[in-house]
Every structure is written in structure tokens, then in C-alpha cells.
Amino acid sequence: MNSPYLAKTPSVTEIMAKVLLALIPAIAALVWFFGPAILVSLCLASATALLCEAAMLKLRKRPVTPFLMDGSALLTAWLLALSIPPMGPWWLIVTGTAFAIVIAKHLYGGLGSNPFNPAMVGYAVLIISFPVQMTQWLAPASLAQAHLDFSTILHYMFSGSLPSPLDAYTSATPLDTLKTQLHLAKPITEIMTLPIYGKMGGVGSEWVAAAYLLGGLYLLQQKIITWHVPFAFVATIFVFSGIFNLYDPALHAGPFFELAGGATMIGAFFILTDPVTGPTTPRGKLIFASGAGFLTWIIRTYGGYPDGVAFAVLLMNICVPLIDAYTQPPVFGKKK
Amino acid sequence: MLDAILVMSGLALFLGSVLGYASIRFHVQGNALVEKIDAILPQTQCAQCGFPGCRPYAEAIAEGRADINQCPPGGEANIHKLADLLGVEFKPLNAEHGEPKPKSLAFIDESTCIGCTLCIQACPVDAISGAPKQMHTIIASECTGCELCVAPCPVDCISMVPVAENISNWKWKRPSYLEQDAA
Amino acid sequence: MRKLYHFNGGVHPPQHKSESTRHPIIKPPLPEKLVIPLHQHIGNTAKPVVSKGERVLKGQKIGRAEGYVSSAIHAPTSGTILSIEQEPVPHPSGLRDLCISLEPDGMEEWIELQPVDYLNTDPSTLRNRLRDAGVVGLGGAVFPSFIKLNPSNRKIRTLVLNGAECEPYITCDDMLMRQRAAEIVEGAKIMRHMLQADEILLGIEDNKPEAIAAMKAASGDEMEVVAVPTIYPGGGAKQLIRVLTGIEVPAGERSTDLGVQCFNVATAASVYRAVRYGEPLISRIVTIAGNVANPGNYEALIGTMIDHLILQAGKNEEENVAIMGGPMMGFDLPSVRVPLVKATNCIIVKSEKLFPKRPAPMPCIRCGRCAESCPADLQPQELYWFSKAGNFGKAQEYALFDCIECGCCSYVCPSSIPLVQFYRYAKSEIWAQEREKKASDLARIRHDFRIERIEREKREKAERLAQKSAKAGSEQE
């Protein structure tokens, strides 16, 4: 052994645990506004992730316990579960999680080596393969036509049958509704009066976004993440949606709606901040997150999908080695 | 129809001239390749490759007369470098030319030396000093360890002494761990 | 209040300084045997100038400086030369090196000392004096001081004295400043004279209020004592120069070119003793800390066995494993049966409790904590990647040689990756490759020359033969 003989640092496990902890407020908000379905899908995703992780570690002849304990598989599972409709059938979440862990993470070399955010790869696979199931979002409890309790959820997830028709429980997301209504040539001002819209975003979902923001601030305070990525991402979306909203408020939703709606907040603080698949230099982080913000806005405004965070993240992941190579900061004594 | 033919021939003409220009503009001198190969070779001048020195071997490689795996002092590391440079597959060292050995220097037992100068004539880098009927000495800093002086000595007074690790040539070891061994 | 500057990163390891500053510097009893290595400085090994069995006096030169970058070695006390042989030395390799062993006779009989009046002596003579007195940098780098005191026509504005002592456990400079402030000030004045510097700045970390007070009291108008923030590695020469003057000295450049020169406070004191009293560097203050009953600072003769010193500080356990230097940049001694050298500023006796084993490394998750902590503004995660893969050329492109090996990156790595250890390995591999390249270039030149000579001789012989036969032909006619 050689110097340094001292160390003071949170371990990988502690870092991941803090990120998981920071997700708790958002999960609580989801339960409060949309019912306990999310808890079931979180458990299902976690179990799948840990099983797949253990199996892959065994196959790759890596020690199982330390890598299972690092918490990264669990985090991938949670982020994926939080990104897809909680009322999906059981195989939806299982397929997505398994794909994320087995293909996107371990086939690329496991922890630290995967170029793409595993949770977003899982999401992209699901939304391309199962678009119908992926749009059956739960309606906010206050707006749903039928009450959903725990046993009903379990029964539905594994058998597919419900006491009332599925439509009674679900609705399109605020971003999705916006897109369809715009296609029907309705002006934004009129769309925003629909019952699913709240003060800034969707009913309930705006509070979930606020909870993500709260968790993100905790991560900033704990120095788990730096300000660069969330700031650049949020600012880029804000600026673009702001400018276009000013230009034509009938066609473009306002900046605050873009921030509170969809996956903006979870993306800014939890997905884009994944260190493994993001750049390491401060300038690189700014470029990466602005790029992702711009792509998200482009996809939301002009693309076929209501939200664009996942594809924006994956597209920017490709650019990371290039961004890192071109944003090396000057070393000591060689600054201009 | 005619358009397509014109476009395609125009394109062919243009690309052809670009290629032609590039082959003139970026022409690699034959010698440049020899230099590059020679720079990789260890300059032991031991002739174990079957050529009378590193440069002739480099020329032979450049002209395709010799394989890249004939240099025992360079070892596998050098074969990898040559393979990278020439864009060919790596091959293990050809055992016909000898085995890699730890770097050694020649040492003359000065009590036995008769001053015959045969070793001086054999040394490819003039690393032995001495005169007829005078005792000979190896200049350690110039010796490449090629062993060419060992065979000619009529009294077998030259031996090869491996270079021992000392404070000035000592290296830090690669940290002995593999993260996948974490357990 | 002087404006202070900032450098990137740094860490705050627990300091453990109070343990060894409870009592003043102790002079341990004369050991039974001294082993004095001939290579205690950067540069060429000193050449022995005594022989076995010879009696030497205290302060007598026993090894002379060889070549320009070198320094002399002296007998730390009077006695008899026992041997000049390869002995174990304090080096991370655990290898042996040439040492002179000396049996003290207990008389402490000095050679005749020749003090110098520095104000009436030209700087070149003073530099030779320091070279002959074996004065080298005592902060740990042991670079011959006389070389750094040669401004060679460059204007030196600031002479920086380094009393920061940022590594945990080490307190030898702290105690020196508390107890011998005047010697430091006098030494600094000699250095200022030699460099013709405009000002002297003494940087001391603000965790040493006693030393700051003592130095302020002793310095008068001669120099400015500046309290600098306590942060590791704030005592690195480049970092301290940055904090005090705002100047960043790039890797591979000399600070003299930028008008600054930096010396450790202990070096200043030994310059003073060498000039004012003619005393060569034969002892130094060393902190003995860690797992010992009575940590403290000892003024030990060069060549004293480390275990002799550990015994003075109260051995806690039978088997001792010790670190030389601080816990951030020091190294494991191969054994405690090695001598104290000019570079030995601290000996820390290890224990499992003080330095718990780090968990097994995990893969790099690119969290960037290493880059945030790097005082040289490097990207340690990239350097690690390239060093690990043996891609040394790329590592050099990413400024591997700007790394000061402070160890902050390893200290903060959540995956417990031995980062700085990889950079040390990569650097020494690159040096070895460069040595080999040099040797092979030399061999190529010598071989080409030989071929040419043989050709020329052949040609000349042929010409001579031709001439001869031509001559013979004409004679026949």
C-alpha cells in the first residue's frame, strides 16, 4: 500500500443511497395524487433489476455482493419505474427494467462503462415497442371516474382485468393532451382550461415536479451533483419555450408549463446528472445539458412524441466523449 | 439516361483526380517507413534476426523480405508496435531467432583476458576499449547486451551479467488490483 | 492585509498536529552507529572521500558533490568509518544504496569551522559554500539549494518562504518556527542577498498561531509573515506561490523565470548555519508521530536509524511499520532499520486504527470529485483511464507530468481507486521508456559510425593497394 493513506469520501453506495432518498418526495407526491399504483411498479422494477444485476454479475464472473450493494441497479429501476405509466401490465415494467440492466448496462461493461443512460434506454425500448401501454397514464385521483385501491391494482397488473373499463382510471398526460388538442387546431388558452391542467402544469403532476425539484436541491446541497447540468437544462428549455411563447402564445405553451410538465424536473436533476453517461468537465456539462434541453423542446414541439427527455438524453449521451475531449479545462499555470 | 452517365463519369473523373493528387501529395517515402521501423527496433545490433544489424532488418521488413517477429531483444511489446505501424496481425516471437532475456551487459574477466582484440572487432557499437596485448574493458554505458563478443573470445573471459534493479532505474509497480476482483 | 489568491481543489484531512507539538524539540542521545547514504539529494550521488577505518571529525566532508547537480555529505559526529557499502535506505523500492557507516566515538569533536561574512562575499562563493555544506531543500524534495540560489541574470522579485506545512501529522517546521525564528529570518536575509530579491513573504497556514506569532516577532521589517488558509496541499511550492503572489508556475518551467523563488523554512535555517557558523547540514528536525507513546519532534543526526528514534518516542508495539513523510505523500519504509536522511521530515508509525485499509476498488463512475479536488486542474479520471490502459502517450497529452502527486484524487475517490498510484506508475514507465529510447539512439549512432569507419578503412586500404600496384607498374616500365 502507498500514500495517500487517508481517505474521506462517500462510497458509491452512499452516493446512490442519497439519490434514492432524494426521489422519496416525488414518490410520496405520486402516491398522494395518483394513488398507490406507483409503489407496486417500483417494487416490481426493483426486484427485476436486482435479479438481472445478480445474474449478469454471475455470468460476467464478477463479485455479486459489492456490486449489488452499490445501489446503481436499484436507481436505474426506480428512474425507469417513475418514467413509465404505473398502471402498465407487469411485463411492461419487467421487460423495460431487464433491458436496461442486461443490455444497456452489462453488455456495455457494467457499472461505469455504459455509454447510454440505462433507464432511458429501457424507456425508449418500451415507448417504441408498446406505445399503447406506454400512454395509459393514471388520471389524478381527483379527476378519475373510478376509485382505484391496492388490491385492484395488483389484480389488474397480473390478470389484466378491472371492475370498470380502463378508461375510467387513466387519462392522457398534460403534454400528450396538449399535442392532440393542438392538432385539432385549438388555441393554447382554450386547451389550458381543460380539467387536467393545474396552476402551472398538470393537476397533481405539477406537485410531483416540485417534489423532484426539492429532491434535486437536496442533491445539490449534498454535493452529489453540481449546478451545471440542472441549470443548463432548465434554462435552455425555459429560454426556447419562452421566446416561442412570446412569439405565438396560441401555438406554444409557456415556459413554466414546459418546466412543470413532463419529465423536465426528473430529467434535470436525476437523469441527466447520471455521472457515468454524462461529461465530466464543467463546460462539457453545460453543453451537454443545453443540448439535451434544446432537443427536448424540439421533440416536444415538433416531434411525434409528447415528451422528448428520454430521446434527448440518449442523443446527447452519444456526444459525451466528443464533448469531454473538446472541453478539457486548462491546467495549472497554463491558463490564458 | 445521358444525364446519369454524365454525372457518373464526371464524378468518377473528379474523385479519380482527387485520389491521384492525394497519392502524390501524401506520398510516403520508402525510407520514411524504414526510419519508422528502425526507430521501434531496440538497436541492440545483435543480428539474431538474421540480418547484420537493426537497420538492415528494418529495410528487410519494409521490403517484405522479413517478418515482424524476429527480434528477441525487442520482445512482444515491439512486435505489437510493428504490427500497429504496418497494419498487420500480431504474431508471437519466432523461437528460431532466440528467446527474450532480461537486459544484460557484457563483463570481461580482466584477469583472464589476453588482449587479443577479437571482441573489439566483434562489438557492433564500439563499446569495448583496449589495444593488442592490453587488457580490454566493456564501457557499460555503451554496451547493448548483444552477446556478439562472447563467442569470439578464445579464453571465454566474457560473461553476460543481467542488469540489476537499483534505485535509479527502479520503477513504481502497476497498482496490483483489478476492480472486477473487488470482493 | 495582503490579497491572497486561490487554487483549485484541495482537501481537509484531519490534522493530527497537536499530538507532536506538546513539548519542545528533543535532542536524542548519540546512537551507536550512523549509516549515511551518499545519495540524499536530487542529482548525482556524492563520491566518498574517506576510507574504511579512517577517523573523521564532526562536520568533516565524507562525500563530495559530483557534477553540477549534486551536494556534499558530511560526518554527523566524530568517529571511525566502519564501511562503505550497499545498505538498506529509506526508499519505496526497498533496495540498497551506497552508504558510509560511522561508529561515533562520543567526543563530538568538530572540524575547524569557517564562518563567512555574507555581505562581503560574492554570491558565487556563497553558493559553493552551500554546495560544500550539503545544504538541500528540507521540505522533502532535497533539491540542492545552491542551484536555486543562482538567479543567473533574472530579476527575482519575491522570495517565498514555505512554512505552510500542510500535510497532516508533520510539525517539524512548526516547532522550528516557534523555537528558532531568528535563524530562519537570518537565513532568509542571506537568501535575499544572494537572489537580490525585493521582498520576502513567509506563508504559514493559519492552524499554527504560535509559529505565526513567533515569526512575526522575529522578522521585524525584514519580511512579511502571511497567514494562509489551511488546506492541503497549500504547502506545495507551486500552490503557496500562487496563494501569496497570484503567479502560477507551469509544469516544466522554473519559478525564477517568473520572478519568484521558494524555499522551506528549515532550508533557510540551515543556510544560516552554513554561512554564519560554517556548519554543514548534519542534522535535521524530524516529527515522530502516529502509533507511539510520546509523539514529538527530534533533532536527529543524519544517518540515525529510524528505530532508534521510534524508541525515543516510546514504541507501542514490537513490530513497527512506518511511513516516511506525511500520510498524503509519504511512503511505506521497507523496514525501520533504515537511516534518517535529509529528506526525512516525518516518521509516522502505522497502526490499523490510524490508517484503516480502504475498501476494494470499484469501477470509476466518472463522478468528477477527483477533478474538483485537483490542485493542478487536471482531469484525473482521464489520466487514470489512460494510465490503466498503458496508453502513456495519451496520458502525457492530458498533462500527466503536471500532476504533483499530492494524492487528493485518491483521497476523495468514492470508488477507492488508487489514482495517484497509477500516475506514479505511468510516470516511471514513461521515464524508463525515455531511458531506453536514449540508449537505443546512442547505440544507433555508434553503430552507424562504426559501419562508416569500417567502410572508410576498406576504401583507404583499396586506394593504398591501387596506388601501390600503380607505382609497381610504373617502376616496371
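Q: What counts as buried here, and what as exposed?
A: A residue is buried under 20% relative accessible area and exposed over 50%, with partly exposed in between, using a 1.4 Å probe on protein chains only. This is a predicted model, in which local features need pLDDT of at least 70 and side-chain atom pairs count only at pLDDT 80 or more, while totals for chains, interfaces and linings use all residues. Residues are numbered from 1 along each chain as its sequence is written, chains are lettered from A and ligands numbered from 1 in the order in which they are written, and side-chain values use heavy atoms, with hydrogens and water left out.

Q: OK, strand β13 of chain C. How many of its residues are buried?
A: Six of six, over residues 296-301. Strands (E, at least two residues) and helices (H or I, at least four) are DSSP runs numbered from the N terminus.

Q: And which residues sit on which face of β13(C)?
A: C:G296, C:Y298 and C:A300 are on one side, and C:N297, C:E299 and C:L301 are on the other; all are buried, and both faces are covered. In a regular strand the side chains alternate between the two faces of the sheet.

Q: What does β13(C) pair with?
A: Strand β12 of chain C, residues 283-290, runs antiparallel to β13(C) and is joined to it by six bridges. Two strands pair if DSSP finds at least two bridges between them. β12(C) and β13(C) make a hairpin with five residues between them, and C:T287 is opposite C:N297.

Q: Switching to the four-strand sheet in chain C. What's the order?
A: β1-β7-β6-β3, an open sheet with antiparallel pairing. The edges are β1 (34-37) and β3 (55-56) of chain C, each with a single partner strand, so one side of each has no neighbour in the sheet. Two bridges hold β3(C) to β6 (residues 79-88) of chain C, and C:V56 lies opposite C:G79 in β6(C).

Q: What about the sheet of three strands?
A: That one is open too, with the order β2-β4-β5 (chain C) and antiparallel pairing. Its edge strands are β2 (47-48) and β5 (73-74) of chain C; each has a single partner strand, so one side of each lacks a neighbour in the sheet. β4 (residues 61-64) of chain C is joined to β5(C) by two bridges, with C:K61 opposite C:H74.

Q: Where is C:H91?
A: In the loop between β6 and β7 (96-104) of chain C.

Q: Is C:H91 buried or exposed?
A: Buried, at a relative accessible area of 18%.

Q: What is C:H91 in contact with?
A: Apart from neighbours within four places in sequence, C:H91 is in contact with B:I167, B:W170, C:F331 and C:P334. Contact means heavy atoms within 4.5 Å.

Q: On to B against C. How much area is buried there?
A: About 2800 Å², with carbon and sulfur atoms giving 57%. Buried area is the accessible area (1.4 Å probe) that two parts lose on being put together, summed over both. The contacts involve 33 residues of chain B and 33 residues of chain C.

Q: How many salt bridges between B and C?
A: Five. The rule is a side-chain nitrogen of Lys or Arg within 4 Å of a carboxyl oxygen of Asp or Glu. One of them joins C:R453 and B:D126, with the closest N and O atoms 2.7 Å apart.

Q: And A against C?
A: There 38 residues of chain A are in contact with 49 residues of chain C, and the buried area is about 3600 Å², of which carbon and sulfur atoms give 58%. A:Y5, A:L6 and A:F332 supply 24% of what chain A buries against chain C, more than any other three residues.

Q: How many salt bridges between chain A and chain C?
A: Two; C:D402 with A:K334 is a salt bridge at 3.1 Å, N to O. There are also 19 residue pairs in polar contact, both at pLDDT 80 or more.

Technical notes:
A polar contact is a pair of N or O atoms within 3.5 Å; within protein, one must be able to donate a hydrogen and the other to accept it, and residues adjacent in sequence count only if both atoms are side-chain atoms.
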